[in-house]
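Have the sequence and the 3D view open as you read.

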Amino acid sequence: MNVSFVDTDLSKYSQVPILILEGFMLFESEALYQHCDVRFFLTLDEETCRTRRVLRNFDPPDCPGYFEHCIWPGYQAHYKKFIENRDGIHIFSGKTNVHELWKDSVDYITHKMEDKFSYRSEEHSLNSSHIT
């Protein structure tokens, strides 16, 4: 699947280092949370999550009832404590088309970068104007 098409010119950010961290429990670390400029979280309903998990191969395989008694309750507890109603996390549905997710996330990141770097440019201009 090709998700590289983006209708945005990102060339001015070619020298900006971007680090992408992945893992649904990342935001349990407050320090890590505070160091992220952009935060995304993908949600799934229980049935879709169960279906996707069944299609994966685990070694050793899940024991009967593991999803119902451990995985799903753990996800719900994590979501309620670290994601739900927390400012600064953009939540996407994991059922959304991957091309739409890609476009929306790039748009979101681009807007954040515009805000961050235009602010720095304005600050630099203000500081430079005071130096004579």
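## Starting from one histidine

H78 counts as buried, with a relative accessibility of 4%; here buried means under 20% relative accessible area, exposed means over 50%, and partly exposed is in between (1.4 Å probe, protein chains only). Before going on, a word on the source: this is a predicted model, where local features need pLDDT of at least 70 and side-chain atom pairs count only at pLDDT 80 or more, while totals for chains, interfaces and linings use all residues. Residues are numbered from 1 along each chain as its sequence is written, and side-chain values use heavy atoms, with hydrogens and water left out.

So what does the side chain of H78 make a polar contact with? Its partner is the side chain of E28, at 3.0 Å. A polar contact is a pair of N or O atoms within 3.5 Å; within protein, one must be able to donate a hydrogen and the other to accept it, and residues adjacent in sequence count only if both atoms are side-chain atoms. Leaving aside residues up to four places away in sequence, H78 touches F24, M25, E28, F41 and I83, where contact means heavy atoms within 4.5 Å.

## The helices around it

H78 is found in helix α3. Helices (H or I, at least four residues) and strands (E, at least two) are DSSP runs, numbered from the N terminus. The protein has 4 helices and 2 strands, and along the sequence they follow the pattern α-β-α-α-β-α.

Besides H78, the buried residues of α3 include F67, W72, Y75, F82 and I83. The buried set of α3 packs against β1, α2 and β2 (90–93). After α3 comes N85, with a positive phi near 60 degrees.

Now for α2, residues 46–55, where T48, C49 and R53 are buried. Looking down the axis of α2, these buried residues fall within an arc of 130 degrees, so they line one face of the helix; the arc is that of the directions from the helix axis to the C-beta atoms. V54 and L55, on the other side of α2, are exposed. The buried residues of α2 pack against α3 (66–83).

## The largest pocket

The largest pocket comes out at a volume of about 2,000 Å³. Its lining has 47 residues, with I20, L21, E22, R39 and F40 lying nearest the centre. On a 1 Å grid over the protein atoms alone, a pocket is an open set of points where a 1.4 Å probe fits, with protein on both sides within 12 Å along at least five of seven lines, and lining residues have an atom within 4 Å of a point. Here's how the lining divides:

| Class in the lining | Number |
|---|---|
| Nonpolar | 30 residues |
| Polar | 7 residues |

Which helix gives the largest share of the lining? That's α4, with 13 residues.

L21, in the segment before α1, is partly exposed, with a relative accessible area of 39%. L21 and F40 sit 19 residues apart in sequence and 10.0 Å apart in space, C-alpha to C-alpha. Not counting residues up to four places away in sequence, L21 touches L26, L32 and C36.

Terms used
Points joined across faces, edges and corners; volume = space filled by probe spheres on them. Nonpolar A, V, L, I, M, F, W, Y, C, P; charged D, E, K, R; others polar.
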